[in-house]
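Please look over the sequence and the structure before reading on.

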There are 4 protein chains.
Amino acid sequence: MVAGIIGAAGYAGSELCRLLASHAEVTELKLSSTSFEGQPLADIYPNLLKCVNAVLVNAEQVVEDSDVVFAALPAGASEAYAKQCHSKNIPFIDISADFRFDDDGETYAAWYGKPYTEPQLHSESVYGLPEMNRQKIKDAACKGGAIIGNPGCYPTSITLGAMPALKLGIAAGDGTIIADSASGITGGGREPNRSYHFPECSDSVSPYKVGCHRHTPEISRNFSIIENRLLKPRHVIFTPHLVPMNRGILSTIYIPLKSDIAHSTPPRPQSSTVQKNLERVHGLYTDFYKNEYFIRVLPLGTYAAASRVRQSNYCDISVHIDQSGSMLIITSAIDNMVKGAAGQAVQNMNIIFGFKENTGLQAIPAAF
Amino acid sequence: MVAGIIGAAGYAGSELCRLLASHAEVTELKLSSTSFEGQPLADIYPNLLKCVNAVLVNAEQVVEDSDVVFAALPAGASEAYAKQCHSKNIPFIDISADFRFDDDGETYAAWYGKPYTEPQLHSESVYGLPEMNRQKIKDAACKGGAIIGNPGCYPTSITLGAMPALKLGIAAGDGTIIADSASGITGGGREPNRSYHFPECSDSVSPYKVGCHRHTPEISRNFSIIENRLLKPRHVIFTPHLVPMNRGILSTIYIPLKSDIAHSTPPRPQSSTVQKNLERVHGLYTDFYKNEYFIRVLPLGTYAAASRVRQSNYCDISVHIDQSGSMLIITSAIDNMVKGAAGQAVQNMNIIFGFKENTGLQAIPAAF
Amino acid sequence: MVAGIIGAAGYAGSELCRLLASHAEVTELKLSSTSFEGQPLADIYPNLLKCVNAVLVNAEQVVEDSDVVFAALPAGASEAYAKQCHSKNIPFIDISADFRFDDDGETYAAWYGKPYTEPQLHSESVYGLPEMNRQKIKDAACKGGAIIGNPGCYPTSITLGAMPALKLGIAAGDGTIIADSASGITGGGREPNRSYHFPECSDSVSPYKVGCHRHTPEISRNFSIIENRLLKPRHVIFTPHLVPMNRGILSTIYIPLKSDIAHSTPPRPQSSTVQKNLERVHGLYTDFYKNEYFIRVLPLGTYAAASRVRQSNYCDISVHIDQSGSMLIITSAIDNMVKGAAGQAVQNMNIIFGFKENTGLQAIPAAF
Amino acid sequence: MVAGIIGAAGYAGSELCRLLASHAEVTELKLSSTSFEGQPLADIYPNLLKCVNAVLVNAEQVVEDSDVVFAALPAGASEAYAKQCHSKNIPFIDISADFRFDDDGETYAAWYGKPYTEPQLHSESVYGLPEMNRQKIKDAACKGGAIIGNPGCYPTSITLGAMPALKLGIAAGDGTIIADSASGITGGGREPNRSYHFPECSDSVSPYKVGCHRHTPEISRNFSIIENRLLKPRHVIFTPHLVPMNRGILSTIYIPLKSDIAHSTPPRPQSSTVQKNLERVHGLYTDFYKNEYFIRVLPLGTYAAASRVRQSNYCDISVHIDQSGSMLIITSAIDNMVKGAAGQAVQNMNIIFGFKENTGLQAIPAAF
């Protein structure tokens with residue numbers, strides 16, 4: 001099978017190449033890049049020497065020759081290719097934000113600053129978070145020409161972390177959910193930029209886009225679907241930070257609990273009642289994800305760490321409760337470039353084509 | 001003036017040496033260490049070669065010979081030295097947690113696992129956060145033999161970040177305050193340990209002690225004093241994380257606002273009403289700290305970053321509001337070893353002795 | 001086939017587990033650890049959760065149950081296990097230094113401070129650098145009960161970098177060869193230690209064991225075999241440095257050239273004559289390694305970088321000549337834990353068992 | 001006294017601002033920047049908020065108003081300002097390479113690709129390495145309108161490391177000297193660039209410009225002056241590497257020794273003869289620099305480390321000999337932005353104006 005990537009020379013695109021080059025069902029890669037057309041990808045990524053031999057062509061050739069097309073383009077550039085693939089019945093998996101919202105385009109316009117040019121396509125597209133939408137992805141595959149909006153990296157880690165609490169009614173009915181996330185620098189892409197210049201971001205930690213990051217409506221929308229409260233979405237606050245590591249996202253998610261435990265005044269360490277509730281919730285989480293290959297609910301006492309999912313498609317989740325017993329604190333770790341982008345896109349491809357869901361995604365994370 | 005440090009060979013102790021060695025009013029250092037008695041400090045810290053020549057002696061000699069005594073010891077080891085200094089009218093500044101609570105010892109016992117051995121001393125001690133307690137520190141100095149409990153690193157960053165909102169009534173009367181913090185690895189001290197072993201913590205980010213960190217009651221206590229609600233302290237949640245940098249703490253603090261703005265459904269970018277409120281709150285913060293040398297309320301649009309206060313005694317604060325307008329989000333950055341430990345201790349010494357408060361603390365942070 | 005690892009809980013051992021768990025010919029892992037016997041390996045390495053389920057047993061069971069035994073132990077502990085395996089005709093691949101020298105033990109004793117306890121075994125053992133000794137490894141495999149001394153990490157990078165120059169007579173007949181290497185911190189192993197404590201080694205670079213590192217005689221011995229000058233080995237200088245990265249070794253190797261080019265006085269940029277010689281030598285290197293799967297001689301103008309071989313078994317080599325034309329400067333990059341340890345051990349296993357040499361070692365290095 | 005900086009918004013310029021803002025003799029800063037004219041420097045460097053209030057003006061105003069002028073500009077831009085200052089008798093300290101060569105411009109043209117436009121100025125300029133040229137700097141100051149070519153960062157570390165061996169005749173008369181250096185990323189300046197993009201350089205180490213770095217002729221020239229062999233300079237090889245740290249250079253310098261010790265065959269650990277020679281050479285180094293405030297010859301057994309001179313003007317030197325006794329191995333550490341640029345420029349200013357040489361340069365390096 002020929003896998004095509006439009007925008008193969010960016011970080012997400014190159015990561016897709018790396019994963020697909022080892023995929024048992026993929027026999028050939030067809031790669032495009034506007035900036036580097038005509039060059040071997042390994043000229044730009046010497047790490048791929050002797051591993052990926054493909055020469056970059058243009059996007060049209062990719063659409064022409066591929067059995068599945070991935071797009072790893074800036075926001076706003078995918079619709080035209082989605083349309084072409086859809087009309088040719090070629091599955092199209094978009095890593096940008098263009099197909100993450102299936103409404104009339106209002107949310108996208110409000111946060112991304114432009115309207116849809118092909119509004120009808122969006123009613124056909126599916127949000128590609130398999131652990132939430134697996135059946136919808138399969139259904140779209142059956143119809144042919146599936147268009148998948150691959151989730152954002154932050155929403156992936158946050159939605160997977162919060163889903164059991166929201167779905168099982170562990171969360172209190174109404175409180176605000178705060179997601180405080182830390183991302184590695186590859187999240188900023190391949191283009192050099194002051195914010196990602198080594199001396200500006202190494203040996204530091206800093207927030208950015210506080211109160212205004214575009215992933216906020218995606219997280220909120222996911223929560224409201226999971227809780228089935230579409231008309232009155234829960235209030236969500238999302239704060240991203242940059243930390244000096246290459247890959248990975250760690251999200252710390254604060255979810256108010258249904259609880260009538262009175263707070264100690266002043267605070268005291270966790271009581272055995274809180275401990276018991278923690279064990280109960282941990283059990284619910286473990287059970288909820290027991291059939292999900294890529295989710296690891298960690299044993300109590302083990303903390304999620306970005307390094308332990310590095311280069312893998314796993315999402316590690318650790319479950320905690322605050323000292324008073326009234327707040328569930330979930331930490332969720334993914335590799336932003338794998339489960340948060342290229343790996344999840346391959347997972348979507350596997351579902352669409354009926355391959356084993358972990359085909360090409362069995363990399364075991366290293367300890368260091 | 002002779003400055004003494006008990007426990008000079010730990011990280012906080014060595015940082016105190018570095019600062020005091022350049023202090024215009026300090027003519028001599030008297031340093032002790034149990035493990036390295038008899039050795040020059042520069043044998044253990046070659047960075048101090050030609051800069052600090054003192055040889056490590058025992059604690060008794062430090063108490064004997066000093067005009068002010070700092071203790072940088074593990075929890076539970078300071079009371080005996082505090083007693084000696086107090087009885088000899090020597091100001092005693094303790095960097096451990098032993099004198100951060102001035103109650104009857106219940107809170108300390110609950111979180112640190114041991115009772116006070118000298119309970120009467122604690123009623124005399126002062127919590128040494130100058131921006132909150134400057135007058136109390138001065139009063140204690142007047143009486144002689146002041147005992148100062150130097151604040152914890154996390155509580156320093158979090159209290160300074162939240163104080164204006166709490167003091168000026170910007171915060172809603174009752175909601176939970178969440179402080180989500182990231183610390184550099186020096187916070188773990190000088191002793192090698194799996195958690196701080198380079199391959200285990202580099203290129204990663206991970207939470208620790210979620211729901212059970214000992215700084216929680218200190219933060220809660222500070223908030224209740226600032227808001228003057230001692231009997232019913234606000235519910236506080238504190239989550240620390242380790243990030244791969246040497247120094248620094250960045251705290252992101254979520255403070256519910258008095259607000260009747262209705263949330264958008266689904267979320268939309270900040271309205272101009274929210275923007276205006278942000279400007280108003282930013283103005284209040286700026287005004288609140290206008291006379292504080294070490295606090296920098298950053299211009300709107302600039303984010304606090306751990307690197308920009310590195311090796312300085314500054315606390316940088318940036319003010320944000322979430323998209324809905326209902327949550328104040330403060331980020332506060334300090335150097336955990338300076339404003340979070342040794343620098344603040346020197347600031348306390350300056351207040352006690354009537355020196356200019358920034359003496360020896362005028363280091364300008366470097367850009368990188 | 002059952003693969004056994006004695007010392008599975010160290011860094012090299014855990015890396016072996018990771019590689020062997022994905023190896024197509026390995027059906028079961030048998031792992032031992034003295035410190036953690038009875039615990040699942042994934043308790044100690046949570047990155048292996050759901051990936052490696054084996055529980056740590058004792059070394060005897062490993063020898064009993066395995067078809068091949070790897071030892072990842074401190075120097076001096078492998079001989080007893082080698083003897084057992086040899087007598088049972090089980091191939092034994094030793095990651096320590098115990099079987100890297102096949103002489104009478106004098107060199108080992110001089111540098112490692114202890115004599116061989118089983119001298120006869122060493123005459124049977126083979127130094128397991130496949131690109132240098134492939135046939136010998138195969139021959140040992142034919143005899144049964146092969147004992148392989150897996151090369152040191154530094155000697156691997158340095159020998160592979162210098163081999164074509166020495167073998168093809170590019171190097172001048174007599175000059176000193178200097179190898180200046182930089183290693184990631186995992187080279188120091190899993191045990192916490194001041195030198196590898198994050199605050200001591202991050203944001204820095206420092207040499208260690210200058211003029212006295214134990215890998216020096218291994219490098220010298222390799223050179224003398226390659227050049228066939230056993231009686232008068234070339235003078236070798238080896239200087240290791242620690243750099244703040246997890247994995248990887250980059251060696252810069254200075255090899256005097258046969259050259260009658262006169263030096264400019266003062267130095268001038270490279271002439272076209274030097275350029276041409278560089279192209280010639282680059283061609284010889286490329287040709288020398290053209291059939292070696294794991295060696296990538298980089299195109300002229302591309303520099304070897306530790307990050308580009310991360311988590312792979314590749315050795316990247318870049319070829320340079322100084323401005324005067326009289327010194328060949330080779331830079332050679334490997335992952336110290338893969339080609340420098342566990343990966344090379346698996347490569348040796350593949351050769352011994354007649355598997356395709358890259359089985360289980362086809363990981364494509366990521367760009368970041 | 002008013003200190004002016006042309007090009008204050010680059011990394012070296014901003015570091016100069018930081019140092020001069022704390023300098024006891026400097027009462028005002030006059031700063032220029034072409035890109036940011038009209039903005040406060042602290043807008044661009046928020047770390048300087050409340051510390052440096054100056055607004056950026058144009059270069060003409062700097063020359064007009066200053067008592068000393070520093071230039072921190074790209075190569076080829078300093079001559080015009082040097083001419084203006086010289087004619088007005090204002091000392092001019094140039095951080096670029098424009099005044100590092102006082103010959104007829106041939107070397108500069110060969111390596112920097114352009115001729116001098118003001119050749120006569122170069123015969124008046126002095127190479128500003130105080131430990132080598134202190135008297136010449138003073139002499140130029142006496143004449144008025146001194147023009148100082150501040151040394152390159154690599155040549156500073158390498159020349160200081162090799163000087164005693166060359167000056168005292170410890171080095172063998174003729175062999176090649178190899179300097180293998182590692183630099184922090186700030187060496188690449190403030191402009192974002194693929195090579196300094198965090199994901200491309202973190203967690204890695206890589207050489208660059210092997211055999212063709214512009215600092216090579218500067219190093220060679222220094223050596224030939226020190227050894228007084230101008231007509232037949234020693235052959236010098238210089239290889240720079242990038243390591244993932246912000247600041248610092250560590251150079252490992254290989255200097256052949258006058259030695260008739262026969263190499264062991266094969267190599268053996270250092271004999272007591274070699275040890276004794278090491279002690280002798282270490283004594284000579286210590287003595288050579290005994291009056292130099294900024295040079296620290298480390299005790300035997302302590303290795304130079306980039307982190308231990310961070311943010312200071314120190315050069316740390318450690319002395320080693322290889323196992324055979326025939327090669328002196330010096331490691332030399334500086335902060336590339338302080339002793340390698342801005343700090344050395346201030347040191348030159350202090351000499352010119354007759355201030356104590358360490359005025360404004362007494363920062364004690366921190367341990368972490």
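Is A:K290 buried or exposed? A:K290 is exposed, with a relative accessible area of 55%; buried means under 20% relative accessible area, exposed over 50%, and partly exposed in between, with a 1.4 Å probe and protein chains only. The model is predicted, so local features need pLDDT of at least 70 and side-chain atom pairs count only at pLDDT 80 or more, while totals for chains, interfaces and linings use all residues. Residues are numbered from 1 along each chain as its sequence is written, chains are lettered from A and ligands numbered from 1 in the order in which they are written, and side-chain values use heavy atoms, with hydrogens and water left out.

## Salt bridges within chains

Side chains of opposite charge can pair when their charged atoms come close. A salt bridge is a side-chain nitrogen of Lys or Arg within 4 Å of a carboxyl oxygen of Asp or Glu. By this rule there are 75 salt bridges over all chains.

One of them joins A:K290 to A:D287, with 3.3 Å from N to O. Whereas A:K290 is exposed, A:D287 counts as partly exposed at 45% relative accessibility.

A second example lies in chain C, where the side chains of C:K339 and C:E131 meet at 3.0 Å, N to O. This pair links distant parts of the chain, 208 residues apart: C:K339 belongs to helix α12 (residues 338–353) and C:E131 to helix α7 (residues 130–143) of chain C. Helices (H or I, at least four residues) and strands (E, at least two) are DSSP runs, numbered from the N terminus. C:K339 is buried, at 0% relative accessibility, and C:E131 is buried as well, with a relative accessible area of 10%.

In chain D, a salt bridge of 2.7 Å, N to O, connects the side chains of D:E292 and D:R134. This pair too links distant parts of its chain, 158 residues apart: D:E292 sits in the loop between α11 (272–288) and β11 (295–297), and D:R134 in helix α7 (residues 130–143) of chain D. At 11% relative accessibility, D:E292 counts as buried. Salt bridges can also share partners, and in this way A:D174, A:E227, A:R229, A:K232 and A:R234 are joined into one network.

## The interfaces of chain B

The size of an interface is often given as the accessible area lost when the parts come together. Here, buried area is the accessible area (1.4 Å probe) that two parts lose on being put together, summed over both. Contact means heavy atoms within 4.5 Å.

Between chain B and chain A, the contact takes 62 residues from chain B and 61 residues from chain A. The area buried there is about 4700 Å², of which carbon and sulfur atoms give 60%. In chain B, the residues that lose the most area to chain A are B:D203, B:V205 and B:Y303, together 12% of what that side buries. Four salt bridges are counted between these chains; B:E106 forms a salt bridge with A:R268, the closest N and O atoms being 3.8 Å apart.

Between chain C and chain B, 20 residues of chain C are in contact with 20 residues of chain B. The buried area is about 1700 Å², with 54% given by carbon and sulfur atoms. C:R194, C:H197 and C:F198 lose the most area on the side of chain C, together 40% of what that side buries. The rule finds two salt bridges across this interface, and B:E191 and C:R194 meet in a salt bridge of 3.8 Å, N to O. Helix α9 (residues 198–201) of chain C gives the largest share of the side that touches chain B, four residues.

## How the copies are related

Two copies of a chain are related by a rotation about an axis and a shift along it. A rotation of 180° with 0.0 Å of shift along its axis superposes chain C on chain B, with an RMSD of 0.0 Å. That is the relation of a two-fold axis. Superposition is by least squares on the C-alpha atoms of residues with pLDDT of at least 70 in both copies. Because 100% of the interface residues of chain C are also interface residues in chain B, the copies meet through the same surface.
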